Amino acid sequence: MSKKELGLAVLLVVIGGITAVLNPLFLSGVNLLNMANLIGLFGIFAIGQGLIIITGGIDLSVGSMFALLGVVLVDLLVNFELAWPLAVLAVIGLGLLLGLLHGLLVTRIRLQPFVVTLCGLLIYRGIARYYTEDSTSGFGYAGDIDTISWLASGRSFGIPHPFIILLIVAGIMAVVLHRTVFGRYLYAVGRNEEAARHSGIDTNKVITGAYLLGGALAGLSGVLLVFYTSSVSPSSFGNFYELYAIAAAVLGGCSLRGGEGSILGIVLGTVLLQILQNLVNILGIPSSLNFAVMGGVILLGVIADQQLGHRRQRIQLSRAQGGAAAPAE
Amino acid sequence: MAALLELQAIGKTYPGVRALDGVSLALGPGEILGLIGENGAGKSTLMKILGGVVPPSEGVLRIDGLARDRWDVAEATRAGIAFVHQELNLFDNLDVAANVLFGREPRRFGFLSVVDRRASHERVRPILARLGADFAPGTLLAELSIAQRQLVEIARALAAEARIIILDEPTSSLTLSETARLLTVLRELRAGGVGLIYITHRLGEILDVADRVVCLRDGRMVGALAREEISHAAMIRLMIGRELRALYTPPAGPPGPGGLQVEGLVTRAFPGRGLDLTIRPGEILGLAGLVGAGRTSLARALFGIDPVLAGEVRLDGKRLSIRWPGDAVAAGIYLVPEDRKKDGLVLDMPIAENITLASASHYAHAGLIDRAEENRAAEAQRASLRIKTPDCQVQAGTLSGGNQQKVVLGKWLSMAPKVILFDEPTRGIDVGAKGEIYALMRALSDRGVGILMISSDMEEVLGVSDRILVMHEGRISGGLERGAFSEQAVLRLAIGHEMERA
C-alpha cells in the first residue's frame, strides 16, 4: 500500500468514525450492506474509468452508455426473449465495441478523449431516448430472468453480489495493471507517450486497450445497474455516473495528466464517495447538499495530495543526490 | 558618437557550465554586425542576455553610453531592441496589421478598448511600403509565405521603433531570391540609422552585408574582423582553430561486412532529396552538419518515428521495412534520441522499469512481469555502465544528465543491438561523463555494433568518429576518412561549400 492509499484509508476511517459517533446507525448491518452494494455497482466502472485516466484520457460517456446498454438489455430480455447469458454477453460486447470506437477515434484520428467521449455522452443518451420513445422500460412479467436477477442483485452469505463482483474485478485488474506487461505499458504511455513510442511500444494499441477494458467494465456495470433499479428510464438512468467514476479515480490517486493511479486507490476512492453520500443521508444533512459535500471533500483531498506530493518529491530528490541538496523541510 | 549598444566583459554561468566568458562588443547606428560561431558557441545565450530574457552573471551593458543595472524584457523593448527569430513568433490566425501592432494596437471608445482597425492599417501600410512588401495590412498571416512572414517580423520591430534589430538565422528557410531581398531590406534599414546584429551560419550573407564580424567560440569572443578583412577563410579560421582535446581510440579491427545500408532514403523534412549511406559494424560513423541540416530527421526515419517516403534500408543484406519504431527495435536498430528527457526516458518511472521498457516481455512469464528478474537485468546494466545511483528503484528523473543517458543506453544494451543511432549523445553532459559515453560507444563498436553518431560538437565529431559524413540542407555533402579529418573540411561541407572554395 503506497502512502497515497494509506492516507486515503486513514481518511476513510476518520470520516466513518465521526459519522458512526454522530449516528450509530451508520455501522448497522443493513446500512453497511446497502453501502457495499452501491460500492460494488460504482466501483466496477470506476476501475474502467481509472484505466483510461491512467493513459491520460477520460471517458465522459459512461453514464449515457448505461442508458443505451440498459435499454438494449431490457429489450433483448423482454421483447426478443433472448436467453439471459446471451443478452448479458451482447451488452458487454456492445460496451467493448463502444470502447473500441472511442479508442480508435483517440489513437487513429488523434481526437481528444474529452471530445470523443463528450460526443458519446450526447449520442448514446439520445439514441436510448429515441429508441424507447423516452418511456421507461422494465421487466414486467418477463419469464426467464430470475437467475440473472439473482446473480446481479442477490446476495450470498449475506453479501451483495455487486460487491463480490467488484472484489473479483478489482483483483483481476490489479494483476493486469500492476503485474503485466500491458499494465506497465499503460503507465509508461500515460507518463510519457513519446518515450514509450521511442522504445518500440505500440502506444496506439495500449491506449485502445484501456478504452476496450473501460467499455467492457461499463457493460458489466450496466447489467448490474439495470437489475439494481429493475427498470430503465432512458432520460435519467446513469446520469452523472461518469462524474462519480472520475471523482473516485481522482480521489484514489489518478492524475488527469495520466500515468498515476492504482486499483486499490480507485476502490478506496469509490468507498469514500459512497460513505460521503451515506453520511449526508444518515446525518440528516439536506440531500440537496449532497453534491456540494462531495465536491468539497474531493477538492480538499486533491489539495492535500498535491501538497504532500511536492514534499515527497523533494525528499526523494535530495535522497537521490546523496543528501547533498538542502533537506526538505 | 556614443555606441547604441555596448557590452563589456559579459559572462554567464549556468550550474556547471560557463556559457559566456568576458564577451565585449559594441554596435553603432547604421551598422550591420555579423555574429558567427559554431553551434553551442554562446550566440543564443548572448542574445538572450541582450533581450533581457536571462540576466548576465557579470559584466556591464550600456545603451547610448549609459550603463543599465536593471535589465529585463520590458527594459530591452523600451530601449528599442527587437528580435527577428528563426522560428517566427507570429499569430497565424490574425492579419498582418494585428501582428505588427500586437500589444500596441490603436484603440477607440475609452475603456472599451476597441481596436481601431482602420487606424492600425493606416499605421502599418507605410512600414510595409518601406520594406517593399507585396501584401496589404489586412492579409491574413496564414496566407503568407515564410519570407513574407519574416518581413512581418521586421515590420513589427520597426513599428516598435526599434533602433537595434537582432536577426537570428533569418534566412535559414528562405530561397536565394528571398534572401537577396531580405538583405536589401537590411541595407535600407542600415541607411536609416538602425543598428543590426546578424547571426547566421551562411557566411556568404555576412560577406555581402556585414560591416564588421565578431566570432564566438566556447563562450568567448575569439576575434573580430573589420569590413576589409572579412573573407570566408578568415571567418572559418576564427570559428575553429582550437586544439582537439578528445582522445581518439582506434577500433580493435577493420569494420566488418554488411551493416545498415541506406539507399535513396527520403524523409519528410526534405522530400526532394534522397540519402545514401552505410553504417558498418565495428565502426563509429560521425554525422556532422548544422542544426536543421536533416540529421535528426534521418535518424528518426531510420528508427520508424517519422515516415520514410522512399528508399531502401537493408541490414546485413536483408531488406527491412520500418513502418514504426517496433519494426526497428525488432531488427536491432536502436535510437538514443536527442532529447532524452522527452523521448528517451519516462522520468517518473524507476530506473529498472526504464531499462526494461523496450523489452518488458522478456522478463514476463504468461504476461506477468518477474520483478526480481527485471531488477537483476537492471542491476547488471547499472554495474556495467556505472550508473551512479543507490538502487534501480529510484526514479530516472532524479539522475544527472550523464547518468540519465546511461539509463537510455542501458535500455538498449540489455537487448541485442545491431545498429545504434546516437543523436547528440553528450549534449548537456559534463566532461567526465562524456569520456565514459565515448568509451562505451567504442566498446560497443568493437563488439560488432554499427554506430551512427550525430553530433554538432566539432571536437566530438573529430575525436570519436572513425569516418565522418557531413549533411547540408537535407543531402550528404561529403564524407571524410579518418586521415582527412579537419575542422575546416567538416565546416566547409557543413555550410555547403565545395572543397576548392576555401
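Two residues are in contact if their C-beta atoms, placed from the backbone, lie within 7 Å. By that criterion, in this predicted model, Ala155(B) touches Val100(B), Val124(B), Ile127(B), Leu128(B) and Leu131(B), not counting residues up to four places away in sequence.

**The largest nonpolar core**

- The largest nonpolar core has 237 residues, of which Ala155(B) and Ile165(B) touch the most other members.
- Helix H10 (residues 203-229) of chain A gives the most to this core, contributing 15 residues.
- In soluble globular proteins, nonpolar side chains tend to be buried together.

- Strand S21 of chain B spans residues 419-423, and five of its five residues are buried, so the strand is largely enclosed by the rest of the structure.
- Val419(B), Leu421(B) and Asp423(B) point one way from S21(B), while Ile420(B) and Phe422(B) point the other way; all are buried.
- Strand S18 (residues 333-336) of chain B runs parallel to S21(B), and four bridges join the two. Within this pairing, Val336(B) has Phe422(B) of S21(B) as its bridge partner.
- S21(B) also pairs with strand S22 (residues 450-454) of chain B, in the parallel sense and over five bridges. Here the bridge partner of Leu421(B) is Leu452(B) in S22(B).

**An open sheet in chain B**

- Four strands of chain B form an open sheet in the order S2-S1-S4-S5, with antiparallel pairing.
- Strand S2 (17-27) and strand S5 (66-67) of chain B are the edge strands, each pairing on one side only.
- Helix H1 (residues 43-50) of chain B packs on the sheet and touches S1 and S2 of chain B; the direction of the helix makes about 65 degrees with that of S2(B).
- Strand S1 (residues 5-14) and strand S4 (residues 58-63) of chain B are joined in the antiparallel sense by five bridges. Leu5(B) has Ile63(B) in S4(B) as its bridge partner.

**The contact between chains A and B**

- Chain B provides 26 residues to the contact, and chain A provides 18 residues.
- On the side of chain B that touches chain A, helix H10 (325-331), helix H11 (340-344) and strand S20 (368-369) of chain B each supply at least two residues.
- Classified by type, that side of chain B has 15 nonpolar, six polar and five charged residues.

Conventions:
Residues numbered from 1 in each chain as written. Chains lettered and ligands numbered in written order. Predicted model: local features only at pLDDT ≥ 70, side-chain atom pairs only at ≥ 80, totals over all residues. Nonpolar A, V, L, I, M, F, W, Y, C, P; charged D, E, K, R; others polar. Pairing = 2+ DSSP bridges. Axes fitted to C-alpha atoms, helices over the stretch in contact; angles between N-to-C directions. Core = buried A, V, L, I, M, F, W, Y, C linked by C-beta atoms within 7 Å. Buried ≥ 20, exposed ≤ 12 C-beta atoms within 10 Å, placed from the backbone.
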